[in-house]
Amino acid sequence: MPLYSIAVNDICHSDIHQVRSEWDGTQYPCVPGHEIVGRVTEVGKHVSKFHVGDLVGVGCIVDSCRHCTDCEEGLENYCDNMVGTYNFPTPDAPGYTLGGYSQHIVVDENYVLRIKHDEQQLAAVAPLLCAGITTYSPLRHWNIGKGKKVGVVGIGGLGHMGIKLAHAMGAYVVAFTTSESKKQEALSLGADEVVISKDATAMAVHQKSFDLIINTVAASHNLDPFLTLLKRDGTLTLVGVPETPHQSPNVFNLVGKRRSIAGSMIGSIAETQEMLDFCAEHNIVADIELIRADEINTAYERMLKGDVKYRFVIDSQTLKD
């Protein structure tokens, strides 16, 4: 079991859901954090993949059953017994995992990722381990590339990564937002167009034209306006998880064009490594604001107000202060 010295850890919206018991099953004391980047400080005697000093990452998964169909097919992120980086059952004390809001973390080498970005980009790499892979995985699963038209709903922590990744893959990217003020931001991230989703006329221009729309919004809303934008056989993929369910869609918007509503969560360890390598090759990192550990509560409140571009990252060295 290698031991990692944590340099930075991203704040994910799911951290807020967990620590505030908005999702079932939170155990206290809860130590969140599943977007962790740092250097190896010590390795166990059976470790062969990493060495002291290596720059590595730990994402959302730290174990799985390793023998179910999902695990055998390299999709351990869908394993029914997948162990998340925090607040998941474990035989170790205190009986559940503790995450990256900590000075050190011990992780099995099979669930550790190699970071190839320049060390100066360390803080901005951390969000790739959740926000990056959460948007990369559906783009890869639905074979997005040149000649494809992709929509990204929401320009936040997930959405800004979806825009960057889809653009780098060569797709034509349209960003959807309810805020006129975010138009220029989305264009600077790589969007080819920006549509105000409250504008019915602007939405109508794109009817029946999208191969894939990734919905990153973590609040309940009406999905029908986006379903009608899909081509025949197009897919609306949900990656944002709201506190309460979305409104039920009009079934005719599905059956009339054989459209699909799908869900997608993080990726496997192999796919996450693929994503990190892709991002290093294309010089993709998240847009972040680096904060001290004693600013976490303030950061939570600002996140709920949408007051961040686009991810907060904790400088974990300040945990020692």
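User: How many residues of strand E11 are buried?

Analyst: Start with the term: buried means under 20% relative accessible area, exposed over 50% and partly exposed in between, using a 1.4 Å probe and protein chains only. By that rule E11 is mostly covered, with six of its six residues buried. The name comes from DSSP runs numbered from the N terminus: helices (H or I) need at least four residues, strands (E) at least two. Keep in mind that this is a predicted model, where local features need pLDDT of at least 70 and side-chain atom pairs pLDDT 80 or more, while totals for chains, interfaces and linings use all residues. Residues are numbered from 1 along each chain as its sequence is written, and side-chain values use heavy atoms, leaving out hydrogens and water.

User: Which strands pair with E11, and in what sense?

Analyst: Two strands pair if DSSP finds at least two bridges between them. E11 (residues 210-215) pairs with E8 (residues 149-153) in the parallel sense over four bridges, and five bridges join E11 to E12, also running parallel. To follow this by residue, take Ile213: Gly151 stands opposite Ile213 in E11, and the bridge partner of Ile213 in E12 is Leu236. Val150, for its part, stands opposite Leu212 in E11.

User: What is the strand order of the whole sheet?

Analyst: The sheet is open, has six strands with parallel pairing, and reads E10-E9-E8-E11-E12-E13. E10 (193-196) and E13 (260-263) are the edge strands; each has a single partner, so one side of each has no neighbour in the sheet. Neighbouring strands are turned by 20° against each other on average, direction ignored. Helix H4 (residues 131-141) packs on this sheet, touching E8, E11 and E12 (230-238). Contact here is heavy atoms within 4.5 Å. The direction of H4 makes about 160° with that of E11, where axes are lines fitted to C-alpha atoms, for helices over the stretch in contact, and angles run from 0 to 180 degrees between N-to-C directions.

User: How many cavities of 30 Å³ or more are there?

Analyst: Rolling a probe the size of a water molecule over the atoms shows where empty space is left. On a 1 Å grid over the protein atoms alone, a cavity is a set of points where a 1.4 Å probe fits but cannot get out; a pocket is an open set with protein on both sides within 12 Å along at least five of seven lines, and lining residues have an atom within 4 Å of a point. The count comes to one cavity of 30 Å³ or more. The largest cavity has a volume of about 70 Å³, and its lining includes Cys60, Leu113 and Ile266.

User: Which residues lie nearest the centre of the second largest pocket?

Analyst: Val62, Thr90, Asp92, Thr97 and Val106 do, out of 22 lining residues. Strands E4 (61-63) and E6 (104-106) are the elements giving two or more residues to this lining, and E6 gives the largest share, three residues. The pocket has a volume of about 460 Å³. Ile105 also sits in E6, and Ile105 counts as buried because its relative accessibility is 7%.

User: Where do Asn87 and Asn143 lie, and are they buried or exposed?

Analyst: Asn87 lies in the loop between E5 and E6 and is buried at 8% relative accessibility; its phi is near 65°, a positive value in a residue other than glycine. Asn143 lies in the loop between H4 and E8 and is exposed at 57%, with phi near 55°, again positive in a residue other than glycine.

Note on methods. Points joined across faces, edges and corners; volume = space filled by probe spheres on them.
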